[in-house]
Amino acid sequence: MDQFAPPPIGYYPPPMPVPPPLPAQLDFTGDRKSFFQLVARGAGLELVTLGFYRFWLVTDIRRHLWSNTVIDGDAAEYTGRGRELLIGFLIALAILVPIYLAYFLISVEAEHLQAAASIPLVAAFYVFGQFAIYRARRYRLTRTVWRGVRFWMSGSGWIYSFWASVWLLFGIVTLGFALPWRAAALERYKMQHSWYGDLQGDFVGTGRQLFKRIWWMWLAVPAALVFGVAWPFVYAYFKAEEWRWWMSGLRIGGVSVESKLESDALLDLYWKVVGWYALLFIAFLIVIGGAVALTITAGGITGAELAAPGGIMKAIPLLVVIVVGYLALALSLSVAARLYLSRDVWARVLATTVVTNIAAAADVAARGELASAVGEGIADGLDVAGF
């Protein structure tokens, strides 16, 4: 056929292939200076309120991180409130205090039973803590909204706690070699009970994949026990590998995630935290040393008297300086950790992560109900809470 002749009647050229959609980039748009001011101001208010401001600070931190996490051009939203966390914590105290009190009475009345009682107590707290971790995650998901649709979570915290305990025992028996499979199994349970509207989540990462990434930990940890300076290296590399494995295993409906985080991407952040911790400890010791010297020279008390049992009670101003200095040190350490290990780690993880087939989340029907903050309160009381 003549290449210049018109096509015959009824002829239709084959359709051009439609290229697959480009992966959507995850972005973090938060200002670092604003985050530092937020956590520094929050630490000061924690000091003034004897720690009770922590619930509002945690809420502000999450709101900052969520609202600056941009997926396909739209930012997420965190709708939790500090008052919810406070109420959840107070309810958790009503549950935990009697347990602590019962153990204390046992140790007082029968000192020889204390060691025997500590084993079931620790085991019970572990099981209870795993339950709290699951319920805290449910609370955070139900307060997370993207494009007007809320995330939510089903499943049982007690079932999760049971399997977490079984896998832990298996990990102990295998000298830790089963821990990657434990992490995969527990994450799969959590994700398969996580939802975005009517889209169900899943986790496709495997224990074998994680083990291949971190097998060297079984060689590095003994060396780090001998050479303490190696800990930041070991832990930073481990966390980077764990982040990449976890992010790349996430699925929500037909939406998939892939992380390209390098193994050494977090190394400098952990060393910066170590540096700030060292500087803050040195500053604390200088302040306390200066206060002790001033007390001896101007307070009419000798160093031997201060060092004697109860001697510090003779110098109340020095005691006040020590207590306030210790609290200020602890809060300053939390500021450094939150800045580098919460904000900066999250920003770097997002910068190296892409989302594929985001169009699968375009037509989603809202489902799920809000969860209470009691689980997070219990997790906070057991010191197993997270962001």
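The second largest pocket of this structure holds about 160 Å³ of space. Keep in mind as you explore that this is a predicted model.

- Helix 12 supplies the largest share of the lining, with six residues.
- If you wonder how such spaces are found, rolling a probe the size of a water molecule over the atoms shows where empty space is left.

**V349, a residue of helix 12**

- Helix 12 covers residues 316-351, and V349 is part of it.
- Is V349 buried or exposed? Its relative accessibility is 0%, so V349 counts as buried.
- Setting aside residues up to four places away in sequence, V349 touches W243, M247 and L261.
- V349 and S259 are 90 residues apart in sequence, yet their C-alpha atoms are 7.5 Å apart in space.

**D344, another residue of helix 12**

- D344 also lies in helix 12.
- With a relative accessible area of 6%, D344 is buried, because buried means under 20%.
- Its side chain makes a polar contact with the side chain of R343, at 3.0 Å.
- Neighbours within four places in sequence aside, D344 is in contact with R32, L269 and L339.

**Salt bridges**

- Side chains of opposite charge can pair when their charged atoms come close.
- How many salt bridges does the model have? The count comes to 14.
- One of them joins D344 and R32, whose closest N and O atoms are 2.8 Å apart.
- That pair links distant parts of the chain, since D344 sits in helix 12 and R32 in helix 1 (residues 32-48), 312 residues apart.
- The two partners can be described by their accessibility: D344 is buried at 6% relative accessible area, whereas R32 is partly exposed at 34%.
- Another salt bridge connects R348 with D268, and here the closest N and O atoms are 2.6 Å apart.
- This pair, too, links distant parts of the chain: R348 is in helix 12 and D268 is in helix 10 (residues 267-298), 80 residues apart.
- R348 counts as partly exposed, with 29% relative accessibility, and D268 is partly exposed as well, with a relative accessible area of 30%.
- Through salt bridges that share partners, R32, R343 and D344 are joined into one network.

**Helix 6**

- The buried residues of helix 6 are P180, R182, A184, L186, E187, Y189, K190 and M191.
- Two residues on that list, K190 and E187, form a salt bridge with their closest N and O atoms 3.4 Å apart.
- Where do these partners sit along the helix? K190 and E187 are three residues apart in helix 6, so about one helical turn separates them.
- An α-helix has 3.6 residues a turn, so residues three or four places apart point the same way.
- K190 is buried with a relative accessible area of 11%, and E187 is buried with 8%.

**Two loop residues with positive phi**

- L50 is not a glycine, and still it has a positive phi of about 60°.
- You can find L50 in the loop between helix 1 and helix 2 (54-67).
- The relative accessible area of L50 is 71%, so L50 is exposed.
- Look for L175 in the loop between helix 5 (157-173) and helix 6.
- L175 is exposed, because its relative accessible area is 68% and exposed means over 50%.

Notes:
Residues are numbered from 1 along each chain as its sequence is written. This is a predicted model: local features need pLDDT of at least 70, side-chain atom pairs count only at pLDDT 80 or more; totals for chains, interfaces and linings use all residues. Side-chain values use heavy atoms; hydrogens and water are left out. Helices (H or I, at least four residues) and strands (E, at least two) are DSSP runs, numbered from the N terminus. Buried means under 20% relative accessible area, exposed over 50%, partly exposed in between (1.4 Å probe, protein chains only). Contact means heavy atoms within 4.5 Å. A polar contact is a pair of N or O atoms within 3.5 Å; within protein, one must be able to donate a hydrogen and the other to accept it, and residues adjacent in sequence count only if both atoms are side-chain atoms. A salt bridge is a side-chain nitrogen of Lys or Arg within 4 Å of a carboxyl oxygen of Asp or Glu. On a 1 Å grid over the protein atoms alone, a cavity is a set of points where a 1.4 Å probe fits but cannot get out, and a pocket is an open set with protein on both sides within 12 Å along at least five of seven lines; lining residues have an atom within 4 Å of a point. Grid points are joined across faces, edges and corners, and a volume is the space filled by probe spheres set on the points.
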